[in-house]
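Here is a guided walk through a structure with the sequence alongside. Keep the 3D view open as you read.

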Amino acid sequence: MRARRPPPPSYLPGACCAAARTAAASGPDALLETLLESLLETLRRGGERLRALPPDRRLEAWRRAVTRLLDPSSTARRELDAPLAGAVRLSAPGLQAGLLAIASGMLGGSADELFRSASGRPPASHGDPALVVLASNLPGLALQTVLPALARGRPLIIKSSALEPYFAPALLRELAVAEPELAEAFAAITWAHGAPIESALLERCDPVLAYGGNAALDALRPRAAGRFVEYGPKISLGIVGAPASDEQIELLARDVALFDQRGCLSIQAVLSLAPIGRVAAALARGLDRQAGLLPPGPPTPDESAAVRRELDLAGMRGCEVIATRAGSIVVEPERALLATSPGRRFVRLYPLASIESLSDRLTGLSGALQGAAVAGIAPGEVESRLAPLGLSRTAPAGRLQETDARWHNGGVDPLEVL
Amino acid sequence: MRGNDPQSESDELVEEIAQRIGALGGEAGPATEADRRELEALAGRVLELQVQRVEAYRRLCRTRGLDLPAAGWSRPGAWRASPAVPARAFKEPELELWTAQPRIVFRSSGTTAGAHRRSEHHHPHPELYRRIVEASFPGACIDQGLLCGRERVPMLSLVPSLHDVPDSSLGFMIDHVLDRWGANDSLSALGTGGLDADGARAFLAEHAKSRRPVLVLSTALALARLLDALEERPLDHALAPGSVIFETGGFKGSERELARDDLLERSLDRLGVPPSRIVREYGMTELTSQAYTRVLAGGDPDTFHAPPWLFWWLVDPSTGEPVAPRREGLIAFFDLGNVGSISHLLTEDVGRAAGDGGFELVGRASDAELRGCSLTAEELLR
């Protein structure tokens with residue numbers, strides 16, 4: 001007898017739990033339909049209980065649940081660590097730093113602010129569950145939607161990526177432990193792309209919030225019956241002003257190294273008004289230091305091949321290349337078309353003639369620009385020039401990925417869409 | 001390099017390659033040891049020429065710490081240690097990857113990366129390209145069952161001609177195939193106006209009725225569209241035994257994904273052509289030579305065989321070194337037909353070695369895995 005593979009972890013509230021898990025994987029149509037209705041009804045009831053709960057109790061539950069997940073010694077975290085690190089291919093220090101970067105800012109005053117802002121808004125038009133489709137490139141992505149859903153009183157069905165099905169169910173379990181009144185407000189499940197449950201939920205849930213690459217979004221968009229809110233692929237950059245110190249430039253390396261450069265706020269390229277040789281040397285030192293603090297996770301064969309290919313192409317173009325085990329820096333010509341990074345802490349460095357030329361230099365990125373980490377230049381100088389390209393976040397070097405509850409990912413106000 | 005005039009030396013080398021390939025002829029089977037030694041010697045001279053004339057390639061050699069003088073590369077076997085150029089380099093025309101004045105520019109269809117970032121192969125030797133087609137196409141795609149004692153074959157082409165798509169290497173090849181072996185009543189049924197399904201159906205119906213075998217030249221996608229049309233209006237008779245389908249290209253980047261098994265099944269059902277008469281071609285804009293399956297000779301339908309002047313091996317994507325036996329890897333080629341550009345290429349296709357000297361395609365390397373909402377190069381170019 002061959003052992004059956006266990007189903008991916010899920011969090012399903014109420015009585016529909018065990019049966020729905022089976023049905024989601026392969027159940028006959030009628031059974032799936034029944035169980036889906038049961039799940040939606042449970043979440044509607046859970047939503048009512050969520051909205052009846054005073055905001056301060058929701059926030060307190062959130063803080064307790066997230067704090068436990070951030071504590072490497074907690075039981076929840078000990079159970080989560082190995083599968084999650086394997087799924088997102090981060091080293092243990094890399095995973096902890098990544099989770100802290102995403103979650104820390106959501107525990108402080110910005111969460112209070114978000115709840116205050118939510119209380120001042122008119123109630124949602126209905127209390128039906130929203131569907132959230134997560135990408136697998138970052139651990140902890142579910143945090144970005146669960147907090148505003150708590151603030152807004154909106155039940156959620158979270159579809160985890162099949163590659164990373166661990167974090168969202170763990171978060172919901174901790175929330176339910178922290179506040180039993182929240183136990184039926186959220187569900188986290190996963191399924192293979194194109195499974196019958198996918199179309200059924202895309203038809204029933206409004207809105208659908210989807211994270212991912214263009215191919216994933218293209219496959220979902222036409223099947224969503226209601227609003228479809230996209231968190232599509234974005235790029236982030238470092239901008240170095242002439243007076244930037246070496247220490248500031250070195251800090252940019254943290255924005256490269258965190259999440260092994262797989263986040264939409266991960267820096268893929270740096271544009272510099274400072275002498276390019278000095279910036280390259282400082283960035284190389286920074287990458288070297290980050291390799292000690294946040295050792296890279298294991299590369300896939302495709303990633304290794306892509307990095308080698310891009311280094312070869314850079315060599316063919318005659319670019320200066322600094323390639324070490326800590327990462328790669330390619331000094332591109334001033335007028336070169338801005339290109340993305342193949343990942344694995346690979347940064348392209350472009351000289352910038354003047355700050356006035358910044359937006360012209362990036363016009364090809366219109367709508368695809370997410371964040372800018374700045375060193376030696378006022379954030380306002382960059383924001384005013386790049387906002388028309390979609391820039392949603394500016395931060396000092398080394399802090400770009402430490403978002404908080406006020407951040408509007410991709411310019412989308414989460415309270416508004418929920 | 002021999003002699004004093006670099007241009008005439010280069011022309012001489014191209015002519016030697018063309019003659020050698022011509023002498024090997026349509027038998028794309030294993031070369032003799034003597035042939036192989038001669039082809040290896042030519043490979044060394046090709047590499048010497050390319051190192052000498054392509055600055056970007058010299059820079060790549062230096063980057064890899066392989067800064068031999070050009071002549072060093074012509075030593076026996078030295079070419080095997082030369083760096084393979086990523087096929088993606090052909091998307092950067094400013095690298096000027098040619099050894100002589102280009103006479104024709106081939107561009108990829110741009111299905112995966114957008115029309116503004118297509119591969120460009122600036123080709124100085126279209127005559128050599130034709131010679132290669134003549135030396136390899138008939139051995140793979142034309143047999144006595146198809147010819148039926150005649151010299152020319154009625155062909156239905158579902159590949160746009162050079163007239164319609166002047167920069168298509170596939171169009172260049174198929175135009176030459178039609179010229180060289182096509183009967184007078186051959187038909188091109190795919191052009192700027194799309195598929196002429198009625199014309200194609202009429203051609204097939206007429207030859208099916210007269211029991212004359214035909215050769216259908218098609219991409220997988222165009223073949224699928226033809227089969228769709230024939231589902232609405234089926235042929236009255238199956239194509240004559242001996243008919244052959246030449247199929248290339250797959251469905252990359254198209255709006256439809258069709259399982260290969262389905263294509264085979266429908267080709268048998270709608271046209272009466274069994275899998276043993278469907279020849280697959282592996283070719284790319286960046287190469288001059290092509291590999292084919294050998295189904296007409298009873299070969300495996302998924303195994304491609306390269307002609308003797310197109311050396312290939314598999315590269316471990318993690319290390320860049322040749323793969324261990326029986327492992328999958330990125331397919332690398334050294335194509336003597338690319339004497340006018342870059343011969344040593346590393347593709348992004350993943351393959352595995354088949355038992356009989358050929359290779360099977362497994363898939364494509366992807367930058368996109370686990371990038372999620374982080375922008376990749378392909379997405380930037382959309």
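**Where the chains meet**

Start with A:R309 and B:E348, which form a salt bridge with their closest N and O atoms 3.6 Å apart; a salt bridge here is a side-chain nitrogen of Lys or Arg within 4 Å of a carboxyl oxygen of Asp or Glu. Before going on, note that this is a predicted model, where local features need pLDDT of at least 70, side-chain atom pairs count only at pLDDT 80 or more, and totals for chains, interfaces and linings use all residues. Residues are numbered from 1 along each chain as its sequence is written, chains are lettered from A and ligands numbered from 1 in the order in which they are written, and side-chain values use heavy atoms, with hydrogens and water left out.

Between chain B and chain A the count is 3 salt bridges. There are also 6 residue pairs in polar contact between chain B and chain A, both residues at pLDDT 80 or more. A polar contact is a pair of N or O atoms within 3.5 Å; within protein, one must be able to donate a hydrogen and the other to accept it, and residues adjacent in sequence count only if both atoms are side-chain atoms. On the side of chain B that touches chain A, the elements giving two or more residues are α3 (55-63), β1 (85-86) and α10 (377-380) of chain B. Helices (H or I, at least four residues) and strands (E, at least two) are DSSP runs, numbered from the N terminus. The largest share of that side, 4 residues, comes from α3(B).

The contact (heavy atoms within 4.5 Å) takes 35 residues from chain B and 44 residues from chain A. About 3200 Å² is buried between chain B and chain A, 56% of it on carbon and sulfur atoms; buried area is the accessible area (1.4 Å probe) that two parts lose on being put together, summed over both.

Elsewhere in chain A, the side chains of A:R278 and A:D246 meet in a salt bridge (2.7 Å, N to O). A:R278 lies in helix α12 (residues 276-293) of chain A and A:D246 in helix α11 (residues 246-257) of chain A, so the pair ties together parts that are 32 residues apart in sequence. A:R278 is partly exposed at 28%, and A:D246 is partly exposed at 26% relative accessibility.

**Inside chain B**

Chain B has 10 helices and 16 strands, and 55% of its 382 residues count as buried. Is B:F203 buried or exposed? At 6% relative accessibility, B:F203 counts as buried. B:F203 lies in helix α7 (residues 197-209) of chain B. Leaving aside neighbours within four places in sequence, B:F203 is in contact with residues including B:L156, B:L187 and B:V214. B:F203 and B:L156 are 47 residues apart in sequence, yet 7.5 Å apart in space, C-alpha to C-alpha.

What about the cysteines? The count comes to 0 disulfides over all chains, a disulfide being a pair of cysteine sulfur atoms within 2.5 Å. The sulfur of B:C61 is 17 Å from the closest cysteine sulfur, in A:C319, too far for a bond.

Terms used: Buried < 20%, exposed > 50% of the residue type's maximum accessible area, 1.4 Å probe, protein only.
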